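Here is a short briefing on one protein model. Look over the sequence and the structure first, then read the points below.

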Amino acid sequence: MHAELLRKKIPAIIDAALGKRVKQCKYSYSDIIMFWMLCNYCGANRLERANFYKQKLNIPNIKCPSADQVGRILKSLAIPDTTLKSIDSKHKSEVINQFNDHQSLNKLLVKINLHLFKYKEAITLDYDTTLLHNEKIDSRNTYKQERGYNPGVTMCGNTIL
């Protein structure tokens with residue numbers, strides 16, 4: 001999978017969309033993102049696992065940054081959440097919804113998918129959220145008033161993007 005992304009020049013698309021980092025930087029945005037994706041493919045579910053995979057992975061043409069470096073760069077790409085308040089008319093209570101609409105990363109996702117998949121006809125991009133129940137410290141009540149995460153999921157046809 002990783003070799004295919006390199007062959008299709010996905011790192012160049014990432015760096016073109018996010019820009020170049022200063023010359024002194026050892027890692028580009030694509031190095032960070034591609035390494036974190038590789039860690040996820042191997043089962044990493046926490047940033048600290050990047051240090052484990054940095055030692056274990058021996059893949060040519062990939063730079064392996066530390067977990068601290070991955071976290072610092074990914075955090076630098078973050079934007080603040082948008083908060084919307086409304087009134088639940090049924091329960092007469094205030095409802096707070098938070099979401100994050102990161103336009104530049106959304107555009108990057110679309111560019112990568114258009115590059116990877118050659119669509120011969122018009123496509124429908126379907127976006128929805130899903131509820132992942134959990135009791136972790138950073139989870140919150142979702143719009144269904146159940147504790148967990150509520151990530152967005154995007155699909156084109158049967159392909160999960």
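**Briefing**

Q55 is exposed, with a relative accessible area of 67%. Exposed here means over 50% relative accessible area, buried means under 20%, and partly exposed lies in between (1.4 Å probe, protein chains only). Q55 sits in helix α4. Helices (H or I, at least four residues) and strands (E, at least two) are DSSP runs, numbered from the N terminus.

This is a predicted model: local features need pLDDT of at least 70, side-chain atom pairs count only at pLDDT 80 or more, and totals for chains, interfaces and linings use all residues. Residues are numbered from 1 along each chain as its sequence is written, and side-chain values use heavy atoms, with hydrogens and water left out.

**Overall layout**

- The protein has six helices and eight strands.
- Along the sequence, these elements follow the pattern α-α-α-α-α-β-β-α-β-β-β-β-β-β.
- The C-alpha trace spans about 60 × 45 × 30 Å along its principal axes.
- Of the 161 residues in the protein, 27% are buried.
- A contact means heavy atoms within 4.5 Å.
- Among contacts with a separation of 6 or more, 42% come from residues 24 or more positions apart.

**Surface and charge**

- The accessible surface of the protein is about 11,800 Å², and 54% of it belongs to carbon and sulfur atoms.
- Accessible areas come from the Shrake-Rupley method with a 1.4 Å probe; for residues, only the protein chains shown count as cover.
- The protein carries 25 positive and 15 negative side chains.
- Lys and Arg count as positive and Asp and Glu as negative; His and the chain ends are not counted.
- The centres of the two sets lie 9 Å apart.
- For this, the place of a charge is NZ of Lys, CZ of Arg, CG of Asp or CD of Glu.

**Nonpolar patch**

- Which residues form a nonpolar patch on the surface? They are V110, L114, F117, Y119, I123 and L125.
- Together these residues have about 500 Å² of accessible area.
- Patches are made of residues with over 30% relative accessible area and no salt bridge; like charges are joined within 9 Å, and nonpolar side chains (Val, Leu, Ile, Met, Phe, Trp, Tyr) within 5 Å.
- L114 belongs to helix α6 (residues 103-116).
- L114 is partly exposed, at 46% relative accessible area.

**Helix α5 and its cover**

- Helix α5 covers residues 67-76, and its buried residues are A67, Q69, V70, G71 and I73.
- What covers these buried residues includes α3 (29-41) and α4 (49-56).
- Q55 and S66 are 11 residues apart in sequence. Their C-alpha atoms are 9.8 Å apart in space.

**Salt bridges**

- A salt bridge is a side-chain nitrogen of Lys or Arg within 4 Å of a carboxyl oxygen of Asp or Glu.
- By this rule the count is four salt bridges.
- E4, R7 and K8 are linked in a network of salt bridges.
- E4 meets R7 at 2.7 Å, N to O.
- E4 and R7 are three residues apart in helix α1, so about one helical turn separates them.
- E4 also meets K8, at 3.9 Å, N to O.
- E4 is partly exposed at 34% relative accessibility, and K8 is partly exposed with a relative accessible area of 26%.
- R7 is exposed, with a relative accessible area of 54%.
- E135 forms a salt bridge with R147, with the closest N and O atoms 3.5 Å apart.
- E135 lies in the loop between β4 (132-133) and β5 (140-141) and R147 in strand β6 (residues 147-149), so the pair ties together parts that are 12 residues apart in sequence.
- E135 is exposed at 65% relative accessibility, whereas R147 is partly exposed at 31%.

**A backbone point at K9**

- Where is K9 found? K9 is in the loop between α1 (2-7) and α2 (10-18).
- K9 has a positive phi of about 60°, although K9 is not a glycine.
- K9 is exposed, with a relative accessible area of 57%.
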